[in-house]
Amino acid sequence: MGAPDFSADLYREITEFAQGTPSWVHEVADVGTDAGLLLFAVLFVAGWWRARGLDARAMGLALAAPFAVVSAYLVSEVSKSFIEEERPCRAVAGAVHIAACPAPGDWSFPSNHATIAAASAAAIVVAWRAMAPLVLPLAALMAFSRVFVGVHYPHDVAAGFLVGVVVAPLVALVLVRALRPLVDGLRGVPVGAVLLGARPVGAGAADPPGPGGPGWPEPQAGRGAVAGAASVDEASVTMPDVMGGVTRRGPLG
């Protein structure tokens, strides 16, 4: 598969600009992608630790995140083997690149690095929404860096990013359906409670049936309470009178 002309032209512009930047920028860009993936791994661990104090669904999403990323990577890798787009550092005439050009047969479309970065960010956001302002820009920067160092076309990283943000959340939301009851069950075992955290207080506890339970009206402090007291007093007063009346009328009957 050949790259679109607009993407090849944009690739030349970005890589030529990259060549004019200081050497320390080259080093940061070259190492930054892998360093970013390590940061995502740390965030997965942090998300698991945070979920130990939350409900079973939150822990299920934290556990599903790595599997969701692997699923997105597999979609990207299989796509590469069918599409077989040559790397721009070999296909573009006069291409300049900061990073070493991958070996022949290591296809370009879509970008695995962009897929993994986007999938990691998306899976973290599904499990831990407050991290979105950090992880989504980081994933976008990591994806762009693959063009900056000259090993991918812009359309490669755009496609990889799209695969990551679509596949990872879908897989995480499917997996959590199976992981949620499993987490809840394992939390009842000592070893599971250590790894997954104890069940939150009150989790899964049903309200008692009958008055005070779900579906029953709240007691009223006004007229209802007075009426209830009046009915009790009335019963206590009238029952002896009735029984007495029956006793007195007995001999006449």
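**Whole chain**

Start with everything shown. The model is predicted. Colour by secondary structure: the protein has 9 helices and 0 strands. Along the sequence the pattern reads α-α-α-α-α-α-α-α-α. Switch to a surface view. The accessible surface comes to about 14,400 Å², and carbon and sulfur atoms own 69% of that area. Of the 253 residues, 37% count as buried.

**Salt bridges**

How many salt bridges does a search of the whole structure find? There are 3. Take them in turn.

Select Asp9 and Arg12. Their side chains meet in a salt bridge, 2.8 Å from N to O. Both residues sit in helix 1 (residues 5-19), 3 residues apart, which means a separation of about one helical turn. Asp9 is partly exposed at 40% relative accessibility. Arg12 is also partly exposed, at 33%.

Move to Glu86 and Arg90. The closest N and O atoms of this salt bridge are 2.8 Å apart. Glu86 has a relative accessible area of 27%, so Glu86 counts as partly exposed. Arg90 is partly exposed too, at 33%.

Now pick Asp106 and Arg87. They form a salt bridge with the closest N and O atoms 2.9 Å apart. What does this pair tie together? Asp106 lies in the loop between helix 4 (88-91) and helix 5, while Arg87 lies in the loop between helix 3 and helix 4, so the bridge links parts that are 19 residues apart in sequence. Are the two partners buried or exposed? Asp106 is partly exposed, with 35% relative accessibility. Arg87 is buried, because its relative accessible area of 5% falls under the 20% cut-off.

**Helix 3**

Select residues 56-83, which make up helix 3. Go to Ser79 in this helix. At 24% relative accessibility, Ser79 is partly exposed. Which residues does Ser79 contact, leaving aside neighbours within four places in sequence? They are Phe109 and Pro110. Check the Ser79 to Phe109 distance: C-alpha to C-alpha, they are 7.7 Å apart in space and 30 residues apart in sequence.

Stay in helix 3 and select Arg57. Arg57 is partly exposed, with a relative accessible area of 35%. With Arg57, they form a positive surface patch.

**Helix 5**

Next, select residues 112-127, helix 5, and find Ser120 within it. Is Ser120 buried or exposed? Ser120 is buried, because its relative accessibility is 3% and the limit for buried is under 20%. Show its surroundings. Not counting residues up to four places away in sequence, Ser120 touches Phe40, Phe44 and Val69.

**Helix 8**

Finish on the surface. Select Val189, Val191, Val194 and Leu195, which form a nonpolar patch. Together they have about 360 Å² of accessible area. Zoom in on Val194, placed in helix 8 (residues 190-196). Val194 has a relative accessible area of 57%, over the 50% cut-off, so Val194 counts as exposed.

Methods. Residues are numbered from 1 along each chain as its sequence is written. This is a predicted model: local features need pLDDT of at least 70, side-chain atom pairs count only at pLDDT 80 or more; totals for chains, interfaces and linings use all residues. Side-chain values use heavy atoms; hydrogens and water are left out. Helices (H or I, at least four residues) and strands (E, at least two) are DSSP runs, numbered from the N terminus. Buried means under 20% relative accessible area, exposed over 50%, partly exposed in between (1.4 Å probe, protein chains only). Contact means heavy atoms within 4.5 Å. Accessible areas come from the Shrake-Rupley method with a 1.4 Å probe; for residues, only the protein chains shown count as cover. Patches are made of residues with over 30% relative accessible area and no salt bridge: like charges are joined within 9 Å, nonpolar side chains (Val, Leu, Ile, Met, Phe, Trp, Tyr) within 5 Å. A salt bridge is a side-chain nitrogen of Lys or Arg within 4 Å of a carboxyl oxygen of Asp or Glu. Lys and Arg count as positive and Asp and Glu as negative; His and the chain ends are not counted. The place of a charge is taken as NZ of Lys, CZ of Arg, CG of Asp or CD of Glu.
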